[in-house]
Amino acid sequence: MAILTNEIKDALKVVGKGGSVVHLATSSVDGKTNIVAERFVTSYLDDYILIADMFAQKTKVNLNENPQAAISIAHPIGERSWVFRGPATVINIGAPSTENWYDVNYGEVLDEWGDWAAKEPPVEVPPDIAPPKVAQRGLIVLKVEEIISSKLQNSGEIL
Amino acid sequence: MKLTLRIKNWIERFGVHAALSDEKGQITIIVSEKVSVDGSLVTIDLSENQRNQIEGVLSQNDYIALAPGQLGAIRAPYQLKGSAHLVNGYLEVEIFEIYCTKPGPEAGIRLDVLGYDGMKHFDESRWTDLAPANSN
């Protein structure tokens with residue numbers, strides 16, 4: 001099991017300084033990958049990453065076929081060059097609150113992160129990029145099983 | 001499909017994150033800041049470790065998805081899909097699908113079907129930063 005360090009948690013949480021925006025990659029069962037940037041992201045417990053599901057259409061289709069996913073830091077600075085890999089799922093708003101996926105309780109994470117834009121308004125996003133309305137459909141959860149370096153000199157090394 | 005000047009400018013300035021999948025659906029992401037574009041061909045400069053990392057994956061599946069890196073992740077919301085091959089140590093990607101990934105109702109729109117002029121119009125009607133502001 002991989003453990004997210006405080007430095008990683010900080011990079012996943014703090015906007016700017018090499019953190020907060022990530023790329024989420026998934027793949028169809030026949031190997032067609034999809035990679036998109038995601039702004040609402042945080043760590044959860046010591047080995048999960050949560051992302052708000054806004055318009056993740058292809059991502060959700062892929063995860064239904066193939067639960068494997070990977071996340072990279074969009075703007076890696078210095079040592080903050082990681083790829084996180086493991087199974088992922090989608091927890092839709094309205095899903096039964098008593099359900100669990102690994103150690104993640106649906107009700108608990110939806111209560112805290114189900115209205116992400118209200119909890120943490122994306123005030124730094126310029127108006128020409130911000131969506132006219134933030135419509136969150138749920139949460140995408142990645143269980144981090146591997147932390148992999150994306151630095152040029154040791155890219156692919158499992159940390 | 002030839003990339004628009006805006007897409008070219010942004011990924012040449014800030015690089016790409018490239019996602020590949022092996023035959024078991026296991027995903028590999030590599031990050032490169034050295035990218036050049038010529039028409040529909042995106043050439044990615046790889047380190048030796050990156051070449052070793054993806055060589056086996058590419059032998060199973062040449063499908064690849066690219067997304068702009070760094071500030072481009074926010075200001076250049078595109079996804080490029082194509083087939084990739086290692087050529088003289090570089091990763092050459094022939095692009096055949098281009099998508100808009102701007103958060104909101106336009107997320108997922110397939111742009112390449114608009115044709116080059118249509119994509120150019122799409123860019124120019126939505127963006128004034130046809131190149132990163134801090135590029136040379």
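**The sheet of chain B and its surroundings**

Strands β1(B) and β5(B) pair in the antiparallel sense over five bridges; two strands count as paired if DSSP finds at least two bridges between them. Helices (H or I, at least four residues) and strands (E, at least two) are DSSP runs, numbered from the N terminus. The structure is a predicted model, in which local features need pLDDT of at least 70, side-chain atom pairs count only at pLDDT 80 or more, and totals for chains, interfaces and linings use all residues. Residues are numbered from 1 along each chain as its sequence is written, while chains are lettered from A and ligands numbered from 1 in the order in which they are written.

Strand β1(B) is also joined to β2(B), by six antiparallel bridges. B:His17 stands opposite B:Ala67 in β5(B) and opposite B:Val31 in β2(B). In the hairpin of β1(B) and β2(B), five residues lie between the strands, and B:Gly25 takes a positive phi near 85°.

In a regular strand the side chains alternate between the two faces of the sheet. In β1(B), B:Val16, B:Ala18 and B:Leu20 point one way, and B:His17, B:Ala19 and B:Ser21 the other way. Six of the six residues of β1(B) are buried, so this strand is largely enclosed by the rest of the structure. A residue is buried if 20 or more other C-beta atoms lie within 10 Å of its own, exposed if 12 or fewer, and partly exposed in between, with C-beta atoms placed from the backbone.

These pairings belong to an open sheet of seven strands in chain B, in the order β2-β1-β5-β6-β7-β4-β3, with antiparallel pairing. Its edge strands, β2 (27-32) and β3 (35-38) of chain B, each pair on one side only. Elsewhere in the sheet, five bridges join β4 (residues 41-45) to β7 (residues 90-100) of chain B, where B:Ile44 has B:Leu91 as its bridge partner.

The contacts between the chains involve 36 residues of chain A and 33 residues of chain B, two residues being in contact if their C-beta atoms, placed from the backbone, lie within 7 Å. On the chain A side, β2(A) gives the largest share, five residues.

Helix α3 (residues 106-113) of chain A has the buried residues A:Tyr106, A:Val109 and A:Trp113. Seen down the helix axis, these residues fall within an arc of 80°, so they line one face of α3(A); the arc is that of the directions from the helix axis to the C-beta atoms. The face turned away from the buried side carries the exposed residues A:Glu108 and A:Asp111.
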